[in-house]
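Subject: Structure for you to look at, with notes

Dear colleague,

I am passing on the structure we spoke about, and my notes on it follow below. Please read them with the structure open beside you.

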Amino acid sequence: MAKKSHPSPRSSRVTILDVALAAGVSKSSVSRLLDERLPRSNSEAAQKVRRIAKELGYVRDVSAANLRRGSTSMIGLIVPRLTDTVMAMLYEALQRAAAKSSKLVIVATTDETIEAERRAADSLIGKGVDALILATARNDDPFIKELDERGVKYVLALRTDGTSLSSIGNDELGGYLATRHLIDLNHSRIGIIAGPSYASTACERTKGYRKAMAEAGLEIDETLVVESTFGIESGRDAANQLMSSPLPPTAIFAVNDNIAIGAFAAIHSLGLSVPDDVSLVGYNDIPIVSHLYTPMTSVHVPFDQIAASALDLLKTEEVPEDQRIQVAMPSLIPRSSSTAIPSQAKETK
């Protein structure tokens, strides 16, 4: 008699979910029946589960099991890089919030690659962290689905995939406030350095920009919408592109402060002035922007509130559907980098 085949696993890592689907039982049943610390069952169902697990090549993830049990006082944080001041500020805010519960936050970086993200998660889980906080989420992120399949407890911070437990800022509102500020200063030709399309933060801030422009009845010149990374050099390149337009913008909204600092440098290298020739607004309100030669207008993000909400989500056993994504309100901090222009200068400056 031919050996019955089982569905192929969806990835090279065979998970409890793969075994459960093949055996026709729940994930919790598979976990219980394959847990070697529990009394061994010789029921027909147990034998079937063990046989299918062996055929699929399933290896029990002990570190993930430890993480699910919450057996330490450590929380793992995964960020793209700590040289990004935003990520360093999130880390420090989490440390302050975690200390109130006698917990420690340990961090790993990924440089925005999925494989490095997997290695970082495995390393942190191997150290016995209670849960993971990820500031690396991408739209349609396959890694988040892997964590779900492994039963790993996690919360997304700053970025969200729209469904997972998340603690974020209201990025659409922040983008709206930044753009509305420039519109109120009489600018109509407003460029945006929009960041990377894979990050919810960049997408939502750009959505806010578009909403403010539409609300004011201003047509968007799509040549003034430039994607970038979140780095300073990328901001510089994007600003050079915007300012080389036959009709350059009179104002630029950069969706994070690093991008804005790069844009600031590009504008000055072209012999132009912020804000006399170009007004500039950033996002996140990192400490350095208030100390620049021309202090920069920026959207302030309440990192301490985001950190506290992330930890609260981890502590809550059953989170109601309408509270799965916690949203903190940003605020605009006007400074010298943005100024009004006369009405007649809108199209000629």
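In which strand does Met-74 lie? Before the reply, please bear in mind that this is a predicted model. Met-74 belongs to strand β1, which covers residues 74-79. Leu-132 stands 58 residues from Met-74 in sequence, and the C-alpha atoms of Met-74 and Leu-132 are 9.3 Å apart in space.

Turning to the sheet, you will find an open arrangement of 6 strands with mixed pairing, in the order β7-β6-β8-β9-β10-β12. Its edge strands, each of which pairs on one side only, are β7 (225-226) and β12 (331-333). Within this sheet, β6 (residues 190-193) pairs with β8 (residues 251-254) in the parallel sense, over 4 bridges, and Ile-193 is found opposite Ala-254 of β8. Helix α10, made up of residues 232-243, lies across β6, β7 and β8, and runs at about 155 degrees to β6.

Two or more lining residues come from each of α5 (85-99), α9 (200-215) and β9 (279-284). By class, this cavity lining consists of 6 nonpolar, 5 polar and 4 charged residues.

The largest pocket, for its part, holds about 360 Å³ of space. Its lining likewise has 15 residues, and those closest to the centre of the pocket are Lys-153, Leu-165, Thr-316, Glu-317 and Arg-324. The elements that contribute two or more residues to this pocket lining are β4 (154-157) and α12 (303-315), and the lining residues divide into 7 nonpolar, 3 polar and 5 charged.

With best wishes

Key
Residues numbered from 1 in each chain as written. Predicted model: local features only at pLDDT ≥ 70, side-chain atom pairs only at ≥ 80, totals over all residues. Heavy atoms only, no water. 1 Å grid on protein atoms, 1.4 Å probe; cavity = no way out; pocket = protein on both sides within 12 Å on 5 of 7 lines; lining within 4 Å. Points joined across faces, edges and corners; volume = space filled by probe spheres on them. Nonpolar A, V, L, I, M, F, W, Y, C, P; charged D, E, K, R; others polar. Pairing = 2+ DSSP bridges. Contact = heavy atoms within 4.5 Å. Axes fitted to C-alpha atoms, helices over the stretch in contact; angles between N-to-C directions.
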